[in-house]
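Dear colleague,

Please find below the structure that I am handing over to you. I would be grateful if you would look at it first and then read the findings that follow.

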Amino acid sequence: MGDDIGSVPPGVLALEHRLGIQDVLNRYAYVVDAKAWDDLAGVFSDDATYDMSAVRLGVFDGLAAVRDQLASMRHPQAHFVLGVLVGEAGADGLVPVQSKYFVRLDDRTIMDGRYDDRLVLTGVGWRIRSRVIRRTGTPLPW
């Protein structure tokens with residue numbers, strides 16, 4: 001699909017791939033906190049899907065739609081990604097990844113949740129092909 005390079009065999013990933021995936025997840029938090037929307041191309045594939053239904057925002061298809069949605073939102077003060085669990089590469093080249101997140105709100109309270117991602121190795125490195133937000137803490141007040 002698209003920009004895939006398909007060079008990752010199915011199974012357990014080598015350390016450099018695991019580190020590359022973790023780097024992309026961390027980059028997301030830095031890009032969003034800096035509001036560096038053009039840098040999302042270093043996080044999501046061109047054909048990415050971002051499902052924000054759990055926070056009542058819908059599903060967005062394609063890098064441009066993801067970028068537009070993220071740029072239009074009021075974001076928490078800070079995003080933190082931790083507890084990254086990298087799965088095995090599938091025959092389709094996609095790698096399932098779960099991570100936990102914390103966000104700090106304007107009133108300094110913390111909210112938590114989980115990202116369920118599928119990453120793909122592209123010609124320019126690892127990118128998120130699909131992301132689903134899951135809420136694990138107290139529901140949002142809005």
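In this predicted model, six strands form an open sheet, arranged in the order β2-β1-β6-β5-β4-β3 with mixed pairing. The strands β2 (59–61) and β3 lie at the edges with a single partner strand each, so one side of each has no neighbour in the sheet. On average, neighbouring strands are turned by 20° against each other, direction ignored. Within the sheet, β4 and β5 run antiparallel and are joined by ten bridges; R104 stands opposite I110 in β5.

Two helices pack on this sheet. Helix α1 touches β1, β3, β4, β5 and β6, and its direction makes about 165° with that of β3. Helix α2 touches β1 and β2, and its direction makes about 55° with that of β1.

The largest nonpolar core contains 35 residues, and F44, Y50, L70 and W126 have the most contacts inside it. Elements that each supply at least two residues of this core include α1 (15–34), α2 (63–72) and β6 (125–135). The largest contribution, seven residues, is that of α1. Leaving aside residues up to four places away in sequence, W126 touches residues including V8, H17, I21, V95 and L119.

Regarding confidence, the protein has a mean pLDDT of 88, and 91% of its residues reach 70 or more. Over residues 1–5, however, pLDDT stays under 50. Where pLDDT is low, the predicted coordinates should not be read in detail.

Yours sincerely,
A colleague

Key: Residues are numbered from 1 along each chain as its sequence is written. This is a predicted model: local features need pLDDT of at least 70, side-chain atom pairs count only at pLDDT 80 or more; totals for chains, interfaces and linings use all residues. Side-chain values use heavy atoms; hydrogens and water are left out. pLDDT is the predictor's confidence in each residue, from 0 to 100. Contact means heavy atoms within 4.5 Å. A nonpolar core is a set of buried Ala, Val, Leu, Ile, Met, Phe, Trp, Tyr and Cys residues joined through side-chain atoms within 4.5 Å. Buried means under 20% relative accessible area, exposed over 50%, partly exposed in between (1.4 Å probe, protein chains only). Helices (H or I, at least four residues) and strands (E, at least two) are DSSP runs, numbered from the N terminus. Two strands pair if DSSP finds at least two bridges between them. Axes are lines fitted to C-alpha atoms, for helices over the stretch in contact, and angles run from 0 to 180 degrees between N-to-C directions.
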